[in-house]
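Subject: Structure handover

Hello,

Here is the structure you will be working with. Please open it next to this message and follow along.

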Amino acid sequence: MRRSDYFRYAFGFAVIAAIAMTGERAFTQSPDPNSAPNPYRLDATWAKLPDGRKFGQVIKVVPDRDGKSIWAFDRCGATSCSNSNLNPILKFDPSGNVVASFGAGMFNFPHGLGVDPEGNVWVTDGRGKNGKGDVAVKFSPDGKVLATIGKEGMPGDQPGFLDQPSDIAVAPNGDIFIADGHGGNQSNDRVVKYSKDGKFIKAWGKHGKAQGEFDVPHGIAVDSSGRVYVADRSNNRIQIFDADGNFVAEWKQFGRPSAIAISKEGTIYVADSQSTEQNNKGFKQGIRIGNVSDGKVTAFIPAPSEEISTPEGVGVDAQGNVYGGYTDKRNFRRFVKN
């Protein structure tokens, strides 16, 4: 083995070992989960909508393949799209202007959003009724439907079916991971894996609190090495798995996670929109930022004010600007570095 190869191998092993160790809190983290510095400021007027339209619940936001534009999944200016003719899928250019929109009349309850390596847009509809919903849909960047996973309006837990899918992420190799379910006894609580061409591969998880079990798998992300991060919201943790669904670690230092975004460099951004003294004592709501290599929280963006509130969806562009999708206050905002 060449010396350079040896060091690359050793570094890679060290990173994997560090992630595995964090499942047992092998890192040193401040006892105050809200003490990390905030290197960001709010850019409240960045996102601009066409005249006459207002934001509804912006549930998910993700960067485009270009690293500059941002996709948002909006609940049609309201809390659902069931009776709306508005396009819920919106693309914003780097200046915050809408340059593409589509998906009108197709969804009940917009929820999950992802972009694959080819630039196609994946979304999930988290509510099945009126012959719609409980599906994941693949669009071309200009809004052409390319594929559908699940059966419209037909929830289920068998291969080929989904039940209240909350989020979707696409790995670098094209594999599709769906956080399928919204918790409780009314939906699934699992992760479903499909191949790039939409073939069912496997599913793992069930309702519960043990490793590999879920209670509201609300968000999902995949890092550059293919590891899968699940926002196991009602269990107040992130669970990490390898691409085959084997448990790697659980992280509780990021709060009560609603959404996860991971940059190509391995920076992780976690939106905590639900922590309170009753359901996750000691944690304030906001966006916690760290790195997948060690799991340490290194930055924290708190809610700027009660009026602005805290985002439920989070995304980041190639320049490190952070984007928040708000469901409580119905808005879409950007945070830029100081």
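**What was found**

Of the contacts in the protein chain with a separation of 6 or more, 48% are between residues 24 or more positions apart; contact means heavy atoms within 4.5 Å. This is a predicted model, in which local features need pLDDT of at least 70, side-chain atom pairs count only at pLDDT 80 or more, and totals for chains, interfaces and linings use all residues. Residues are numbered from 1 along each chain as its sequence is written, and side-chain values use heavy atoms, with hydrogens and water left out.

**The whole chain**

The secondary structure of the protein chain comes to one helix and 24 strands. Helices (H or I, at least four residues) and strands (E, at least two) are DSSP runs, numbered from the N terminus. Along the principal axes, the C-alpha atoms fill a box of roughly 55 × 45 × 45 Å. The radius of gyration is taken over C-alpha atoms, and the globule rule is 2.2 Å times the number of residues to the power 0.38. For 338 residues, a compact globule would come out near 20 Å, and the 19 Å of the protein chain agrees with that.

Of the 338 residues, 56% count as buried. Buried means under 20% relative accessible area, exposed over 50%, and partly exposed in between (1.4 Å probe, protein chains only). The protein chain exposes about 14,500 Å², and carbon and sulfur atoms supply 48% of that area. Accessible areas come from the Shrake-Rupley method with a 1.4 Å probe; for residues, only the protein chains shown count as cover.

**The disulfide**

A disulfide is a pair of cysteine sulfur atoms within 2.5 Å, and by this rule the count is one. The disulfide joins Cys 76 to Cys 81, with an S to S distance of 2.0 Å. The link of Cys 76 and Cys 81 is right-handed, with 100 degrees about the S-S bond. Are its two ends buried or exposed? Cys 76 has a relative accessible area of 7%, so Cys 76 is buried. Cys 81 has 3% and is buried as well.

Two strands pair if DSSP finds at least two bridges between them. Strand 18 (residues 257–262) runs antiparallel to strand 19, and five bridges join them.

Why is strand 19 described as largely enclosed by the rest of the structure? Because five of the six residues of strand 19 (residues 267–272) are buried.

**Strands 8 and 9**

Four bridges pair strand 8 (residues 135–139) with strand 9 (residues 145–149) in the antiparallel sense. Ala 136 has Ile 149 in strand 9 as its bridge partner. With five residues between the strands, this hairpin contains Gly 143, which takes a positive phi near 95 degrees.

**Ala 203**

Ala 203 lies in strand 13 (residues 200–204). Its relative accessibility is 33%, so Ala 203 counts as partly exposed. Leaving out residues up to four places away in sequence, Ala 203 touches Arg 190, Val 191 and Val 192. The C-alpha atoms of Ala 203 and Lys 193 are separated by 6.0 Å, and these two residues are ten apart along the chain.

Regards
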